[in-house]
Amino acid sequence: MSRSRSAAAPAATALPAPDALQARIESFARLDRVHAGSLIISVFGDAVLPRGARLWLGSLIQLLEPLGINERLVRTAVYRLVQDGWLVNQACGRRTDYMLTAAGRARFEEASRQIYAARAPRWDLHWRLLLVTGALSPRDRERLRRSLFWQGYGELPGGIFVHPSADVGATFEALQADGLGERRADLLPLRAERLPLRGTAPDRDLVRQAWNLEALAGDYAAFVARYAPLVAELEAHAPPAPAPAFLGRTLLIHDWRRLLLRDPQLPEELLPRDWPGERARHVCRRLYRLLLAPAEQHLDERLHLADGHVPVAANWLWQRFEPQEDECSLGAPRLA
């Protein structure tokens, strides 16, 4: 669900925040159209998942209001997420909690490996291929292409989708959540090893055909240009107040998540020189750490369940973006 300017709430000009952080919050609140469902997914994955993966709908409405997402938009977007299999509701008197479904939780936990990794994953030198073997209608083919695009897959001629490191099982779960479960029977998953034979096409040729790296590099550069000033400002001042810290953290992860969804996470040897992806990851990691503590204070005050209980954040929240035993990610968080 997206909002039009007429439905937007006024920008939260009264929030006590450093100038660059406040400007980012107000800039988002002034946008003519925002996909509320996508923003709610970011909030669930970043803020709600560490606190048990459920919250009262009223809390969600209050948390998003300063970003120009009004109650009607939240209710409509949440309804659609229920219909799409992301969320399920549970009544508690006159109030209602919303929580992640088992499939939704699995997708969030898998995404967390990539979103909060301290650095890009290493490559095992194998390509993941999905071959389209069925006769798809133009509409179904386009829906499939878009769903796989948002999971970082590139497309080669002949109905072949390629990724260097995707979890193919998670790929099919994502297709199911996108309403494409019936298309599983039209896809043949393969894992291919590059053979070092002289005179054959290099991996870089495949990369140039499958992905528009120039566009992705531009998006990473724009991310750095948007958030690096916030890092510099916050490092020079006291921590921001809890409310703007939460809003800034939400927008940061929302933008970062959407970037990573399109990034195939190619190994360094297949990327152009001066690739801005790692610079963007460094900026995201640093800013997230600066915003984390005050943002959690805000959630302690505003994130409630329908019965009034305030769920406590899991300890693994504080390990996000931190390497463990030289691994690239923290692994999937385990919920009680």
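**View 1. The largest pocket holds about 1,700 Å³ of space.** The model is predicted: local features need pLDDT of at least 70, side-chain atom pairs count only at pLDDT 80 or more, and totals for chains, interfaces and linings use all residues. Residues are numbered from 1 along each chain as its sequence is written, and side-chain values use heavy atoms, with hydrogens and water left out. A pocket is an open set of points on a 1 Å grid over the protein atoms alone, where a 1.4 Å probe fits, with protein on both sides within 12 Å along at least five of seven lines; lining residues have an atom within 4 Å of a point. Its volume is the space filled by probe spheres set on the points, which are joined across faces, edges and corners. The largest pocket is lined by 44 residues, and Arg107, Trp150, Gln151, Arg257 and Leu261 are the closest to its centre.

**View 2. Helix H5 gives the largest share of that lining, seven residues.** Two or more residues each come from helices H2 (36-48), H4 (71-83), H5 (102-115), H6, H7 and H10 (242-262). Helices (H or I, at least four residues) and strands (E, at least two) are DSSP runs, numbered from the N terminus. By class, the lining has 19 nonpolar, 12 polar and 13 charged residues. Ala, Val, Leu, Ile, Met, Phe, Trp, Tyr, Cys and Pro count as nonpolar; Asp, Glu, Lys and Arg as charged; the others, Gly among them, as polar.

**View 3. The second largest pocket holds about 390 Å³ of space.** Of its 17 lining residues, Arg24, Arg226, His254, Asp255 and Arg258 are the closest to the centre. H10 gives the most to this lining, with five residues. The lining divides into six nonpolar, four polar and seven charged residues.

View 4. The arc is that of the directions from the helix axis to the C-beta atoms.

**View 5. Helix H8 (residues 203-210) buries Asp203, Leu206, Val207 and Ala210.** Down the axis of H8, the buried residues fall within an arc of 100°, so they line one face of the helix. Arg208 and Gln209 are exposed on the other side of H8.

Methods:
Buried < 20%, exposed > 50% of the residue type's maximum accessible area, 1.4 Å probe, protein only.
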